[in-house]
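Here is a short note to read alongside the structure. It starts with a pair of helices and then moves on to other points.

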Amino acid sequence: MLPICNICAKTKVLCASCETKLKNEEISELDVKIAQMMYDFGKGEFGFEKAVDVGDFVVVLTQKEDIGKIIGPGGENLRKMEESVGTHIKIMGASSAEEMIYTLIFPANIVSTSRLYLADGRVIKKITINKNDVDKLKMDLHSIKKIVSNLLHTDVEIVVG
Ligand SMILES: [Zn+2]
């Protein structure tokens, strides 16, 4: 699956439905760009869920079994995508949103997860990780927070406890 439909990825022109998704910010320009490139690599045989720009690099979230195909022989596809996007890309895979969170936070332990109900009606997911594990994280907390928020379509607070 790609964030846009295969025809749009192939023709590089967005249909009304994909255009609406872009306008409503369900998908980003980055998703569109990467989807078009990935279609060229895989002809629709593999895809990704979402691309998230975390500042220093871009994370492409996908199914575990697609990681190797996305990277391509000798890393060729990945290199082309990085050139096009102009920054480093990390391909990360998991079979569910929950698993993705654990992948991002690994090897740190999650102490607890809870929901915070704010006065303005928003619901925030709060993830508490063990303070002794912070140094072991593969990414900074801000990046993890941004990726998880994007993935869950919810505001996420990552707390060290
Ligand atoms: Zn479309």
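1. Start with two helices. Lys-33, Ile-34, Met-37 and Phe-41 in H3 meet Asn-77, Lys-80, Met-81, Ser-84 and Val-85 in H5. Two residues are in contact if their C-beta atoms, placed from the backbone, lie within 7 Å. Helices (H or I, at least four residues) and strands (E, at least two) are DSSP runs, numbered from the N terminus.

2. A word on the source. This is a predicted model: local features need pLDDT of at least 70, side-chain atom pairs count only at pLDDT 80 or more, and totals for chains, interfaces and linings use all residues. Residue numbers run from 1 along each chain as its sequence is written.

3. How do H3 and H5 pack? Their angle is about 150°, and their axes are 11 Å apart. Axes are lines fitted to C-alpha atoms, for helices over the stretch in contact, and angles run from 0 to 180 degrees between N-to-C directions. H3 and H5 are therefore roughly antiparallel (angles over 145 degrees count as such). Their crossing is right-handed, the near helix being turned clockwise from the far one by less than a right angle.

4. Next, the largest nonpolar core. It has 35 residues, and Ile-4, Ala-35, Phe-48 and Val-60 touch the most other members. Several elements supply at least two residues each, among them H1 (6-11), E5 (123-129) and H7 (141-152). H3 gives the most, with five residues. Domain 1 (6-93) and domain 2 (98-160) both contribute, so this core lies between them. Such a core is a set of buried Ala, Val, Leu, Ile, Met, Phe, Trp, Tyr and Cys residues joined through C-beta atoms within 7 Å. Buried means that 20 or more other C-beta atoms lie within 10 Å of a residue's own; exposed means 12 or fewer, and partly exposed is in between.

5. Look at Ile-4. Leaving out residues up to four places away in sequence, Ile-4 touches Ala-9, Leu-14, Cys-18, Ile-27, Val-32 and Ala-35.

6. Now the two domains. Their bounds come from an automatic or database domain assignment. The centres of domain 1 and domain 2, taken over C-alpha atoms, are separated by 24 Å. Six residues from domain 1 and seven residues from domain 2 make the contact. On the domain 1 side, E1 and E2 each supply at least two residues.

7. Is Gly-68 buried or exposed? Gly-68 is exposed, because 12 other C-beta atoms lie within 10 Å. Its place is in helix H4 (residues 67-71). The C-alpha atoms of Gly-68 and Lys-131 are separated by 33 Å.

Terms used. Angles under 35 degrees count as roughly parallel, over 145 as roughly antiparallel, 65 to 115 as roughly perpendicular and the rest as oblique.
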